[in-house]
Amino acid sequence: MHEMGVVLNIIKTAERLAVENNAPKLGYVTVQVGELSGVVPGYLSNLWPMGAEGTVCEGAELIIETVRGIVRCLSCEKEYHIMDNLVKDAPVCPHCQRERFAVLTGREVMITEIGVLEQ
Amino acid sequence: MKTATEQFKIIELKESVFEDNNRVADKLRERLKTEKTFLLNLMASPGAGKTTLLVCTIEKLKSELRIGVMEADIDSSVDARKIADTGVRAIQLHTGGMCHLDAGMTEQGLNEFGSGELDLVVLENVGNLVCPAEFDTGSVKSAMILSVPEGDDKPLKYPLMFSVVDALVISKIDCLPYFDFSVEAVRERAKKLNPDIEIFEVSAKTGEGIDEWVKWLKKNVCDWNLID
């Protein structure tokens, strides 16, 4: 449900970037979506055409790259992939079995590239 | 899809999708600082007792602070009327189907109150634990309520919410005898996600724990507004 809000935010940002680059129309927009961001990529793709209608993004492709949720163990300092190391839904370090961690990647929802259609 | 016949000028960047919203949120916080208004973003799932806790909190603070409440709801004004009964200013924000408030909507709500007339504004966000966590509303602090009947596994299911809030209020603790809810498990899980989180155990019904929560809130309001 909140993916529509995310789509509208992508479009708002893309619109500003389009103006800054004198681009009347965009060919594609690439976004990185972290596994821990709570944003479901499939919903973004489905909602994209609806949000893009009537904007510089109309007809543009939305390319989604997933970013893995990597954390650093606060006990042994080693890094691990959180989704592969869930024990009863809670992450546990595969190296030292401790549970405290700091998130390194996976929370981001970023625009990383836009393709401007050359006239 | 991109085809060979189309030519693209590629612009590489690294900009958060929430960048525009974050900018508006930061500007709003600056404005609140100047106007000496503290904005609390209150989040919870439907039925956790947001409005009830708020009414209880308002009763304790309304003689000392000028309070306003913004009720965000998809489309009703049930909650705003309940708040208005306490005698503080309340407005209803309709999100028009959206499941969260962003900084722009919050700013519009604040504008309705007029500037600098309130010490504390509470934004009662739309009832859900997923979407509101992702959008900075421009609030100074944020708090979430988890009620005992919802279960102690919520920090595992909604990690983002628990990691972005400053305070967690465990509500309806008078119901503890009837539920398999471990306060300790919640504390441990929440602290793991967010070591700095402040945790309060309250019951709006019996009044238990309300004073600690109110004290925390008041201290934060005074610190922000530079009141002794």
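1. Basis of the model. Residues are numbered from 1 along each chain as its sequence is written, and chains are lettered from A, with ligands numbered from 1, in the order in which they are written. Because the model is predicted, local features need pLDDT of at least 70 and side-chain atom pairs count only at pLDDT 80 or more, while totals for chains, interfaces and linings use all residues.

2. Chain B overall. Chain B holds 8 helices and 8 strands (DSSP runs numbered from the N terminus: helices are H or I with at least four residues, strands are E with at least two). Its C-alpha trace spans about 70 × 45 × 35 Å along the principal axes.

3. Pairing between the chains. Strand 8 (residues 109-117) of chain A pairs with strand 1 of chain B in the antiparallel sense over 7 bridges (pairing requires at least two DSSP bridges between two strands). In this pairing, Met110(A) stands opposite Ser16(B).

4. Two helices of chain A. The axes of helix 1 (residues 3-20) and helix 2 (residues 41-52) of chain A come within 9 Å and cross at roughly 55° (axes are lines fitted to C-alpha atoms, for helices over the stretch in contact, and angles run from 0 to 180 degrees between N-to-C directions). Helix 1 and helix 2 of chain A are therefore oblique to each other (angles under 35 degrees count as roughly parallel, over 145 as roughly antiparallel, 65 to 115 as roughly perpendicular and the rest as oblique). Among the residues that meet are Leu8(A) and Ile11(A) in helix 1, and Leu47(A) and Trp48(A) in helix 2.

5. A sheet in chain A. An open sheet of 3 strands has the order 4-3-7 in chain A, with antiparallel pairing. Strand 4 (79-81) and strand 7 (101-105) of chain A are the edge strands, each pairing on one side only. Strand 3 (residues 70-73) of chain A is joined to strand 4 by 3 bridges, and Ile70(A) has His81(A) as its bridge partner.

How values were computed
Two residues are in contact if their C-beta atoms, placed from the backbone, lie within 7 Å.
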